[in-house]
Amino acid sequence: MKADWHAGGFGLYIHWPFCAAKCPYCDFNSHVSAQIDQAAWREAYLREIARLGRETEGRVLSSVYFGGGTPSLMEPETVAAILGEIGQYWPRANDIEITLEANPSSVEARRFAGYAEAGVNRVSLGVQALRDDDLKALGRLHDVPQARAALDVAKAHFGRVSFDLIYARQHQTLDDWRGELSEALDMAADHLSLYQLTIEPGTAFGDRYAVGKLRGLPDDDLGADMYELTQEMTRNAGFEAYEVSNHAMNGSVSRHNLVYWRYGDYAGIGPGAHGRLTIEGQKRATVATAAPGLWLRDVGGDGAESRSALSGPEQAAEYLMMGLRINEGISVSRYRALAGFGLDEGKVGALCDDGLLEFADDRVRTTQRGRMMLNAVIRELMV
Amino acid sequence: MSRMTDLKHIRNFSIVAHIDHGKSTLADRLIQLTGTVAERDMKEQMLDAMDIERERGITIKANSVRIEYPAQDGETYVLNLIDTPGHVDFAYEVSRSMQAVEGSLLVVDSTQGVEAQTLANVYQAIDADHEIVPVLNKIDLPASEPERVKEQIEDVIGIDASEAVEISAKTGLGIPEVLEAIVQRLPAPQGTRDAPLKAMLVDSWYDIYLGVVVLIRVMDGVIRKGDQIKMMKTGATYKLDRLSVLRPAMKDIAELGPGEIGVFTASIKQVRDTKVGDTITHDKKPCDKALPGFKPSVPVVFCGLFPVDSAEFEDLRDAIEKLALNDASFSYEMETSAALGFGFRCGFLGLLHLEVIRDRIEREYDIELITTAPSVVYHLYMKDGEMKELHNPADMPDLTYVDHVEEPRIKATILVPDDYLGDVLKLCQERRGIQLDLTYVGGRAMVVYDLPLNEVVFDFYDRLKSITKGYASFDYQMTGYRQDNLVKMSVLVNDEPVDALSMMVHRDRAEMRGRAMCEKLKDLIPRHMFKIPIQAAIGGKVIARETLSALRKDVTAKCYGGDATRKKKLLEKQKAGKKKMRQFGKVDIPQEAFISALKMDS
Ligand SMILES: Nc1nc2c(ncn2[C@@H]2O[C@H](COP(=O)(O)OP(=O)(O)OP(=O)(O)O)[C@@H](O)[C@H]2O)c(=O)[nH]1
Ligand SMILES: C[S@@+](CC[C@H](N)C(=O)[O-])C[C@H]1O[C@@H](n2cnc3c(N)ncnc32)[C@H](O)[C@@H]1O
Ligand code: SF4
Ligand SMILES: [Mg+2]
């Protein structure tokens, strides 16, 4: 029998932890640094790839994802070197997806050709908003014309292009969003990530929110209306909402993210990167040292990463959590095989009766209402 | 310290006052000036040792301390002081303390003057035959008006204030004069050393290291370590392990004679054997007559206390028994509820008392509680002529069996500056009050109202304080029962009756209360995946309704680059939070809702 992870595939995540500025809503592992020794970082990534490569050599690689931080601050040569090293260990799937997250400034757009040459075949642009005032409020360094220009450059160099928007922003009305989204749909290539603004503790927005100073955020009902509008408009424009916040045309889904959602195996490389790796029949959670300086120092020994074995029920819980985010939902038999016990049938039945879940042909998936209430649904089903 | 002190060198007194007039601060200064506690160990209101006392800045338990004072006459006196609470809910502590001493220091804040509790305490002190020394406190403050307050004391209370001692408990000004006044103006206790032992069980408490500790006042005879003693009411006998005086830490002493106050431990296992007010004597050579004991206090507010985790029921029983030992005014009996399982129906002297007990159980015994709606005791006159007490609205029988219902009434005395009088009268009228008297004392209005207790227990005091910016003072006494048009209002959440939320209301006020309750619950219950009707009903008739709309969205927008661990932790935490709520049908109701829903905003 094949190991469980094959059901989700195998991908590589490369984390670049630097940004030109820290956005006030962002709680990713990202840092602003004046001096980045690209050669040292390149060296470190290559060593990590070699270490992980030896452990999982021969697996067919379905995707590579350069995430951040702002990977479009990497020199194209660094990207090329990394992709070259990756080729030493893992055979590539024919349709391998190699994505790089980019910020839409003109400086960065100038590197797009180099990334394409290095082998990147998909970019995800952090456009975030199509209103200049809002981009400022979000602490972004680009404006709308720059974003449009960067998108055009990207479309010229890459077969697949996606961009991100954040909505449910301060003072945004339903009509504002309707207008903005329709502009976005006109610009879009084949993929869109549309995220509702989340106020994360520990960020500048989080601090302001805690003291009641972050005004004009939509209430629950407006948030729900915006979400519903988003589903409707994207569907009408031919985009399938294949995940909570992700929309693709003609099946151009993000294969890398599907590895997470299908609960496959993925190796995380870089400061704070997470991985799930099945080695010698045991699935493990891996997490790397988060502080860039420390990570750089520790790489090479085995000090930069800690690993913990995941029990069957833990794996099943993660599968449930990830799998219900996507349209295809989860396989009940796969859940049972992982957990050692089945999903609570009574609860599944009740959630189906309430119109939140659907159950057919071994698969449990959410309805649109269920997707909107996903956290509650997962809490119900979690043991 | 081992020799017994002769009577004429002993003075026993309580310190009484309205809340916050500075009793505990005065106790600090007396302790400090007599060197009872080393300077470095002093802290503010040091007798208020409980966490809740320190947090709220009020005294809840009466505390006694023995201090030694070398007086100007060249003799050294032993003084036993008892610091008492000022809040009306703890008046029982005061009356009990007064039985153990011969005099009272009546502290009056010279910036505030005579307040409702000042009056109540004076009357109690007079009842207990106390010599009273008035003490005017806070004269360090610019707003202090000692002359005016002296007049007030004479006019309103009718005691001589010409020799009132003017002090600042804060700065220490006038404290030596207080000590002299105690020695010269308060009487020495009386008692016979050769008589059989007769001691009053004043208080007892549970100490995790020592077990049950008993506070006594010796009336006659001598008690010694190792003595075989007997509690006259319960008949239980014990051998004294340890005999001490409180300074305020326990200091062992060989014996205590007439007039003295101290504590003992005696490996007492049965908490129930120590009843405050009981008489303690020697097992072999008992005294012939027991002391009259204390007037029992009558709990006026009842509510159910249930453990959040039903497995903690036995721990709760243990905690409640131990707390009841320390607090004779708190009563309890077992109760079962359809929704909440096993718990206790407990009786309290007021809402603050309830909050304090609940807090203490949660903190000192680490048991999370659900508190049900507080209620007073109604008298149900049944058609068959029988009278039944109703402690819990949920137990209200079918109306066809009930002839009529009587509710407890109180006589409330409120002192308030003229500016706020109108608002106070309005509040009393709204609460179905009947005005009995309105007079002016020393520049303030004194209103006396006949009010139904059930309109007062929840939030009357809070409301009074807020509409008068804290300037009103309030005291009440139970007067008796009176018939009125009272009905049971039930609350239905998602069409299911929630027994813990049902309450007795006056028919004329039912719609208003029902609406307020439904609106409150709408804010208190978190939104669910479905919409939830919230209704108030009398019998089968719905008198108010609100709808809590369904939660439409609860989803994390983005999923962090494969970081499933963090997301899982968050969901698990939320799931655990949900467990803290109570399920009624499909609806989770947070515990604080049970009390908050009853507080009215207007
Ligand atoms: N300025 C001034 N403040 C004082 C004086 N005596 C007490 N206080 C303050 O008044 C407040 C109440 O003092 P407490 O000693 O706790 O009053 P209490 O009478 O024991 O209060 P309860 O036990 O709650 O009834 C505290 O903030 C004291 O610091 C005084 O002589 N002068
Ligand atoms: C790894 S992040 C950042 C990628 C890139 N550095 C950028 O900012 O353009 C990926 C996406 O998550 C979204 N995101 C980040 N923080 C968010 C928040 N607090 N609420 C909603 N979306 C957020 C943004 O749309 C962002 O483009
Ligand atoms: S949102 Fe993107 S650019 Fe902004 S700080 Fe976070 S990772 Fe960097
Ligand atoms: Mg006090």
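Visitor: How do you know that β16(A) and strand β17 of chain A pair?

Guide: In this predicted model, four bridges join β16(A) to β17 (residues 363–366) of chain A, and the two run antiparallel.

Visitor: What makes β15 and β16 of chain A edge strands?

Guide: The open sheet has three strands in the order β15-β17-β16 (chain A), with antiparallel pairing. β15 (330–331) and β16 (357–360) of chain A each have a single partner strand, so one side of each is left without a neighbour in the sheet. Helix α14 (residues 345–353) of chain A packs on this sheet, where it touches β16 and β17 of chain A. The direction of α14 makes about 115° with that of β16(A).

Visitor: What makes β17 and β20 of chain B partners?

Guide: Three bridges join β17 (residues 301–307) of chain B to β20(B). The threshold is at least two bridges, so these strands count as paired, and they run antiparallel. Phe306(B) stands opposite Ile370(B) in β20(B).

Visitor: Which strands stand at the edges of that sheet in chain B?

Guide: The sheet is open, with four strands in the order β18-β19-β17-β20 (chain B). Its edge strands are β18 (331–337) and β20 (369–371) of chain B, each of which pairs on one side only. Neighbouring strands of the sheet are turned by 30° against each other on average, direction ignored. Helix α7 (residues 313–326) of chain B lies across β17, β18 and β19 (341–348), and runs at about 15° to β19(B).

Visitor: Why is α1(B) called mostly covered?

Guide: A residue is buried if 20 or more other C-beta atoms lie within 10 Å of its own. By that criterion nine of the eleven residues of α1(B) are buried, so the helix is described as mostly covered. Among them are Lys23(B), Asp28(B) and Arg29(B), as well as Leu26(B) and Leu30(B). The buried residues pack against strands β1 (10–17), β2 (63–70), β3 (76–83), β4 (103–109) and β5 (131–137), and against helix α6 (175–185), of chain B. Just after α1(B), Gly35(B) takes a positive phi of about 65°.

Visitor: What does α1(B) give to the shell around ligand 1?

Guide: Helix α1 (residues 23–33) of chain B gives three residues, the most to that shell. In total, 21 residues surround ligand 1, and the closest include Gly22(B), Ser24(B) and Thr59(B).

Visitor: How is that shell made up by class?

Guide: The shell around ligand 1 has six nonpolar, ten polar and five charged residues.

How values were computed:
Residues numbered from 1 in each chain as written. Chains lettered and ligands numbered in written order. Predicted model: local features only at pLDDT ≥ 70, side-chain atom pairs only at ≥ 80, totals over all residues. Axes fitted to C-alpha atoms, helices over the stretch in contact; angles between N-to-C directions. Contact = placed C-beta atoms within 7 Å. Near = placed C-beta within 6 Å. Nonpolar A, V, L, I, M, F, W, Y, C, P; charged D, E, K, R; others polar. Buried ≥ 20, exposed ≤ 12 C-beta atoms within 10 Å, placed from the backbone.
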